[in-house]
Amino acid sequence: MAQQFANKQPPGFRNHIQNIAIVGAGGSVGKFITEALLSQGKHKVTAITRQDSDSVLPQGIHHIKKVDYSSQQSLVDALKGQDALVITLKPMSPPDTQHNLMDAAVEAGVEYIMPNEYGVDASNKALAEETMVGTAVREARAYVEKIGNGKTFWVGLVCGFWYEFSLAGKENRYGFDLGEKSLTWFDDGETRFTQSTWAQCGRAVASLFALKKLPDNETDRSPTLSQFANAPVYISSFTVSQRDMLASLLRITNDSEANWTFKTESSRDRHADALEKRKQGVLAGFIRTLYTRVMFPGGGGDTSGKVVNEVLGLPVEDLDEATRGAVRLHEEGYFEGRAA
């Protein structure tokens, strides 16, 4: 896309994103994105919800639009007048939901779509294929480019795994079981990989959509949203290893390794076993496939060299404070009753 400039646009051009619609505004990461957008006071935020949804939404949302996901016209009507659409969906949402939202957004004239990705670096083809989720991300990006016709663009948030969620999420994720005080080392436990807290994801999306859409003129070198049109935005909270996370846990709980039990698995063997379980329809197999592949030594999980935290003005976070968040999730029973 050839670089455009604000001073060359027709009268009435607005060089900022004003109206943002979000699907899943009350969800895990959606809540943090919504709250961050509202806290800036720069946007009018519309929550898109199902007609029968009883989701608790953050306070201060400007509009709530209930839609019929089986009706394309319902989606188009809800998205008219929006500058950007942020999609956050549950993993088990019907596979055509996102495509229907994208079709509606293009028809409604939405300029930017943030697809439902929030995770691994899908631009890394091997990582995308071997995590079993990145291929769908790449397809969604390509779909927006195809139907957007140079007027609607995708912008993807590559944040790594959600730190507090994943650390609290039992052995299938980071190898930790906080309740049992047990840990499975993947290889030597030293592989560092990039992760983000929910709050950092929220701040990143809010900061991104607060950027000017275009440079003011040919001499303007300030960051703009157009730099990220049809491109991933890499952010992070930490790039750490299992051993770093354990050290943080021991610090905040005044515990010692003597009270924990450990075992070691080859990450590649674990990944291969997870693939077999996934083929059998075992949910744990899906989760293990995703997490273990990212933690291959040299496997592409460390995206710290690509992050744009400084461009977006994101804060440096405290690892121990984020670890306390994971412990709180565990103590509150966040994962109780879940299959994996």
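Student: How many disulfides does a search of the whole structure find?

Tutor: A disulfide is a covalent bond between the sulfur atoms of two cysteines. Taking a disulfide as a pair of cysteine sulfur atoms within 2.5 Å, a search of the whole structure finds zero. This is a predicted model, in which local features need pLDDT of at least 70 and side-chain atom pairs count only at pLDDT 80 or more, while totals for chains, interfaces and linings use all residues. Residues are numbered from 1 along each chain as its sequence is written, and side-chain values use heavy atoms, with hydrogens and water left out.

Student: Which strands pair with β9, and in which sense, parallel or antiparallel?

Tutor: Strands of a sheet pair through backbone hydrogen bonds, either parallel or antiparallel. Strands here are DSSP runs of E of at least two residues, and helices are runs of H or I of at least four, numbered from the N terminus; two strands pair if DSSP finds at least two bridges between them. Strand β8 (residues 176-177) runs antiparallel to β9 and is joined to it by two bridges, whereas β13 (residues 261-265) pairs with β9 in the parallel sense over five bridges. The result is an open sheet of three strands in the order β8-β9-β13, with mixed pairing, and its edge strands, β8 and β13, each pair on one side only. S182 is the bridge partner of D177 and also of T261 in β13.

Student: Which way do the residues of β9 point?

Tutor: In a regular strand the side chains alternate between the two faces of the sheet. In β9, S182, T184 and F186 point one way and L183 and W185 the other, and all are buried.

Student: Which residues of helix α1 are buried, and where do they lie around the axis?

Tutor: An α-helix has 3.6 residues a turn, so residues three or four places apart point the same way. In α1 (residues 28-40), the buried residues are V29, G30, I33, T34, A36 and L37. They lie on the same side of α1 because they cover an arc of only 165° around the axis, judged by the directions from the helix axis to the C-beta atoms.

Conventions: Buried < 20%, exposed > 50% of the residue type's maximum accessible area, 1.4 Å probe, protein only.
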